[in-house]
Amino acid sequence: MTVPLSYYLTLSAILFALGVLAFIIKRNIITIFMSIELMLNAVNLSFVAFAAHWKQLSGQIFVFFVMVVAAAEAAVGLAIIIAVFRTRDTLNVDDVNLLKL
Amino acid sequence: MPIQQYILIALVKIAIALFVLLTACAYVVLAERKLIARMQNRWGPTRVGPFGFLQPLADGLKFILKEDIIPSHVYRPLYIAAPMLSLTLALTSVALIPIGQAIPLGGASIPLQITDVNIGLLIILGITSVGVYGIALAGWSSNSKYSLLGSLRASAQMISYELALGLSLIGVLIGAGSFSLREIVNSQAGYHWNLWYRGQVFAFFIYVMAAFAETNRVPFDLPEAETELVAGYHTEYSAMKFAMFFVAEYANMFTVACLATLLFLGGWDGPVFGPGWLHVLLPVVWFVVKILFFIFLYIWIRGTLPRFRYDQLMAFGWKFLLPLALANIVVTSLVIGLQGR
Amino acid sequence: MHLALFLIFGALAVASAVNLVAQRHPINSALSLVVVMGSLAVLYLLLGAEFVAAIQVIVYAGAIMVLFIFVIMLLNAGEEERTRGSRVAMAVGIPGLIVLAGALMVSLSERNPAARDRVPVGAMFGPPVEVGRALFRQFLLPFEVTSILILIAIMGAVLLARYHAPHPPVARALDPDEAAELLEIAGTHGSATGARERARQEVRR
């Protein structure tokens with residue numbers, strides 16, 4: 001019993017779309033950041049599904065690099081969020097509309 | 001092996017493992033109280049049963065019968081879920097730990113392990129790293145400043161020491177060439193224990209230090225530093241919910257001790273002699289003896305060392321253990337590469 | 001069996017992702033995201049990518065999301081406020097998303113011959129040894145480059161999150177005149193070094 005590749009890709013697409021949706025409608029800067037992580041995860045799923053489909057390990061290797069970038073991004077992004085919160089006292093992105101701290 | 005028999009054997013193994021682990025947790029608590037008491041020139045519990053041997057039963061009964069108070073200001077769903085998460089994750093890792101060779105039983109050979117996964121070590125590391133959630137959520141959902149401070153400390157501490165912990169295992173993994181705990185033990189057979197045979201003394205030291213920090217034990221017990229934070233992340237918990245955190249902490253101690261034994265002390269490797277049944281039993285005995293040595297180490301250190309200050313804790317993890325672990329990786333890989341293996 | 005597992009964990013992932021969008025409190029969203037990542041790890045196992053599944057749990061669920069929850073707890077983030085000024089985005093975005101999702105569904109559906117290929121599940125072709133070999137031989141340069149990326153990220157995080165007090169505390173060395181002046185204010189006398197020490201304490205206060 002096998003699962004068609006298209007099922008995995010559809011799931012990945014749904015998750016990615018939900019990530020985009022959250023990115024658009026959420027106002028909390030941390031939640032917006034999390035929706036980026038959700039999109040990255042959705043992309044990872046299709047990478048792994050393609051890797052399994054084409055029997056190529058490089059798909060899995062890509063996932064590692066995505067994870068490394070996500071980790072680096074989380075560290076820097078959360079540091080930025082903390083810096084913004086210290087100066088603005090808010091996490092609402094609508095209130096963070098000046099291009100300076 | 002038919003599937004029904006397979007499931008039945010697995011269920012029996014799970015039941016035995018859980019029973020043994022929970023009982024061992026209860027008695028390690030007693031042993032800790034007795035030993036600490038003797039180190040401090042006291043007697044410890046003596047009233048319940050001979051030498052206080054029934055004290056764990058009395059404690060358990062008390063935990064069950066006490067009123068389960070849920071403070072009114074907590075965030076209920078997470079407040080209730082957090083201790084369950086902690087306990088579940090702590091008990092799950094036992095499933096992956098082999099405690100001895102396979103035993104022959106009625107024609108079939110039954111491995112003394114609930115499940116043998118080829119990435120067993122990685123899964124245990126994953127379970128440990130997810131275990132932070134129980135503590136973090138407990139502190140946050142309690143809605144109390146002591147709990148929050150405790151869980152903030154705990155999460156920062158566990159993230160920091162996880163790095164050193166993971167890196168300290170790389171030397172062992174390079175030597176064994178596998179993530180399967182059983183194969184790692186087999187690679188150390190014949191007293192070629194990683195501790196000396198592959199020169200992983202420093203890795204062992206780093207692992208033990210980081211593991212102490214991961215389990216929030218003295219001298220790294222800042223998350224529940226009772227002198228400043230009441231009881232840290234479980235300040236607002238009582239009765240069974242508190243007991244769950246308590247048991248989870250001791251189950252984690254056992255997991256750490258098992259891993260240290262499997263990875264550095266050759267697992268069940270030890271002198272085997274006598275008739276056939278002794279050949280099966282002795283490895284398990286050696287394994288248990290090694291684990292008990294670690295548990296004693298925990299208690300001994302608790303009776304000896306004072307608590308770190310928070311900045312000392314972070315500096316120790318990031319500026320001492322982490323560079324040492326990296327240096328260990330470089331040296332180990334160089335040696336193994338030069339040997340041409 | 002594999003189909004059932006795929007459906008269960010796929011549905012769990014989608015439900016949690018929907019929950020991420022629906023929840024108002026960031027900590028609930030974060031926990032939903034952890035569930036998404038956990039179910040994706042199971043799907044990776046189904047696809048035979050065992051090492052990726054383990055790394056997914058260790059790195060994503062165990063490190064990155066813990067960092068998120070840590071920041072949420074640290075900043076004591078409360079309930080999210082209602083959105084302001086993004087009605088246009090909602091009005092355009094949601095239909096756009098629906099169209100996009102529909103287009104994806106059609107292109108991936110069974111009727112499309114290219115999508116009928118089956119994934120051979122559970123083939124277990126990506127054991128850690130193979131992954132390591134590919135990572136350290138074929139992809140060695142990208143691997144090394146990512147380490148530099150991580151280093152830069154660490155430095156950036158330290159630089160950004162370092163606490164800048166509104167008025168930096170006095171850390172400059174006092175010159176003796178100033179110290180003496182301060183001591184005069186305090187109405188005490190002493191030796192030069194003692195005065196400096198005293199003055200420093202005075203300033204710190």
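What share of the contacts in chain C with a separation of 6 or more is accounted for by residues 24 or more positions apart? In this predicted model, the share is 56%.

**View 1. Chain C and its order of elements.**
Chain C holds eight helices and one strand, and, read from the N terminus on, its elements follow the order α-α-α-α-β-α-α-α-α. The chain has 205 residues, of which 35% count as buried.

**View 2. The interface of chain A and chain C.**
Here 70 residues of chain A are in contact with 80 residues of chain C. The size of an interface is often given as the accessible area lost when the parts come together.

**View 3. Helix α2 of chain A against helix α3 of chain C.**
Two packed helices are described by the angle between their axes and the distance between the axes. The axes of helix α2 (residues 29–54) of chain A and helix α3 (residues 50–75) of chain C come within 12 Å and cross at roughly 175°. Because angles over 145 degrees count as roughly antiparallel, α2(A) is roughly antiparallel to α3(C). On the side of α2(A), the residues that meet α3(C) are Ile30(A), Phe33(A), Met34(A), Glu37(A), Leu40(A), Asn41(A), Asn44(A) and Val48(A); their counterparts in α3(C) include Val52(C), Gln56(C), Tyr60(C), Phe68(C) and Ile72(C). The residues of this contact of α2(A) with α3(C) divide into twelve nonpolar, three polar and one charged.

Asn216(B) sits in the loop between α9 (201–214) and α10 (226–229) of chain B, and it counts as buried because its relative accessibility is 4%, where buried means under 20%. Leaving aside neighbours within four places in sequence, Asn216(B) is in contact with Ile135(B), Gln157(B), Met158(B), Asp221(B), Pro223(B), Glu224(B), Tyr233(B) and Glu249(B).

**View 4. Phe205(B) in helix α9.**
Phe205(B), which lies in helix α9 of chain B, has a relative accessibility of 34% and therefore counts as partly exposed. Leaving aside neighbours within four places in sequence, Phe205(B) is in contact with Phe320(B), Leu321(B) and Leu324(B). The C-alpha atoms of Phe205(B) and Ser333(B), residues that are 128 residues apart along the chain, are separated by 18 Å.

Key:
Residues are numbered from 1 along each chain as its sequence is written. Chains are lettered from A and ligands numbered from 1 in the order in which they are written. This is a predicted model: local features need pLDDT of at least 70, side-chain atom pairs count only at pLDDT 80 or more; totals for chains, interfaces and linings use all residues. Side-chain values use heavy atoms; hydrogens and water are left out. Axes are lines fitted to C-alpha atoms, for helices over the stretch in contact, and angles run from 0 to 180 degrees between N-to-C directions. Helices (H or I, at least four residues) and strands (E, at least two) are DSSP runs, numbered from the N terminus. Angles under 35 degrees count as roughly parallel, over 145 as roughly antiparallel, 65 to 115 as roughly perpendicular and the rest as oblique. Contact means heavy atoms within 4.5 Å. Ala, Val, Leu, Ile, Met, Phe, Trp, Tyr, Cys and Pro count as nonpolar, Asp, Glu, Lys and Arg as charged, and the others, Gly among them, as polar. Buried means under 20% relative accessible area, exposed over 50%, partly exposed in between (1.4 Å probe, protein chains only).
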